[in-house]
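Please examine the sequence and the structure shown below. The report then considers selected features in turn.

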Amino acid sequence: MFVFVTVICVFVAYIVSIKFVYCRYRQLWPHMRDKIFYTLHTGGNKQFCPTQERSDVHLRNSEEKGRMRSTRSRALLVTAHPDDECMFFAPTVLNLVESKVDVHLLCLSTGNYNNQGPLRKMELLDSCKVLGIPSHNVTITDNKELPDDPTVQWSTALISSLIHKHIRNYTISLVLTFDGRGVSGHANHTVIYEALSHLASSGRLPLGCQVFSLHTISRFRKYLSVFELPVSWLLPSDLCCIIGWQQYKRAKKAMRCHHSQLLWFRRLYILFSRYMFINTFKAVAVETNSVKMY
């Protein structure tokens with residue numbers, strides 16, 4: 001009986017902690033958003049962590065904040081296949097869209113692994129519509145050198161060129177993509193990180209443009225669903241995006257737009273994946289070509 005009561009108490013306490021973290025996040029998200037985009041507009045490369053002291057999140061004065069918001073920020077999400085945008089990045093996209101950030105998507109393949117490229121293009125556009133990304137902000141690359149195939153090594157140089165061109169053409173200030181482990185370990189995911197890391201380290205990105213890579217976590221944490229939220233909140237990260245129940249329903253609806261991919265295990269993914277509720281990112285160091293004066 002004692003063990004049963006203890007288990008119930010621990011479970012209730014954990015549920016309360018989830019609720020607390022979510023409420024706290026909703027309070028802090030506007031300040032975190034303002035801080036990161038203020039940093040982008042001023043050309044800095046500062047980092048922040050959701051668990052750090054946030055006494056410095058307020059901008060110096062209201063005039064600076066007004067000037068920052070008068071210029072609509074543009075974010076670029078770089079993915080490998082149709083369905084990546086909602087399977088892995090839905091919480092981030094939904095938060096950015098609701099914050100009036102102009103979100104662009106660059107998908108580097110048509111997802112033609114099973115000769116379904118044209119269908120998957122349409123599914124991607126439907127998904128983006130649900131998430132709030134307008135169709136004119138969606139670019140789908142159809143290049144024979146970038147097939148949807150984990151056994152084919154994509155060209156890092158080609159991907160770097162495509163991303164660099166997109167950043168320049170659309171004046172992108174924030175780039176989001178996978179990290180070096182690609183969440184699922186897919187080779188097409190990891191090579192995007194390698195290409196962006198090359199751009200960042202070689203000083204080819206515009207001044208003020210920042211790059212964030214999505215944390216790959218253990219399989220156990222990955223399938224804890226919303227119960228993983230307190231863990232992600234406590235562990236250090238440079239950007240954290242969390243969604244609530246209503247936003248989760250939109251993310252789920254976006255996933256369901258990819259009808260051709262809704263096999264039984266992806267339906268389970270929708271229910272149990274932590275990436276449907278929370279994204280945490282690490283900032284990629286960006287070098288500049290500015291000359292230092294001594």
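## Basis of the model

This is a predicted model, in which local features need pLDDT of at least 70 and side-chain atom pairs count only at pLDDT 80 or more, while totals for chains, interfaces and linings use all residues. Residues are numbered from 1 along each chain as its sequence is written, and side-chain values use heavy atoms, with hydrogens and water left out.

## Helices α6 and α8

Two packed helices are described by the angle between their axes and the distance between the axes. Helix α6 (residues 156-170) packs against helix α8 (residues 187-201) at about 65°, and their axes are 9 Å apart. Helices here are DSSP runs (H or I, at least four residues), numbered from the N terminus. Axes are lines fitted to C-alpha atoms over the stretch in contact, with angles from 0 to 180 degrees between N-to-C directions.

The crossing of α6 and α8 is right-handed (the near helix is turned clockwise from the far one by less than a right angle). In contact (heavy atoms within 4.5 Å) are residues including Ile159 and Ile163 of α6 and Val191 and Leu199 of α8. By class, this contact has 7 nonpolar, 4 polar and 1 charged residues.

## Helices α4 and α11

Helix α4 (residues 90-98) and helix α11 (residues 245-256) cross at roughly 115°, their axes coming within 10 Å. Ala90, Leu94, Asn95 and Glu98 in α4 meet Gln247, Arg250 and Ala251 in α11.

Glu98 and Arg250 also form a salt bridge, with their closest N and O atoms 3.8 Å apart. Because Glu98 lies in α4 and Arg250 in α11, the pair ties together parts 152 residues apart in sequence. The structure holds 7 salt bridges (a side-chain nitrogen of Lys or Arg within 4 Å of a carboxyl oxygen of Asp or Glu).

## Helix α1 (residues 2-41) gives the largest share, 8 residues.

Notes. Helix = DSSP H or I, 4+ residues; strand = E, 2+ residues; numbered from the N terminus. Nonpolar A, V, L, I, M, F, W, Y, C, P; charged D, E, K, R; others polar.
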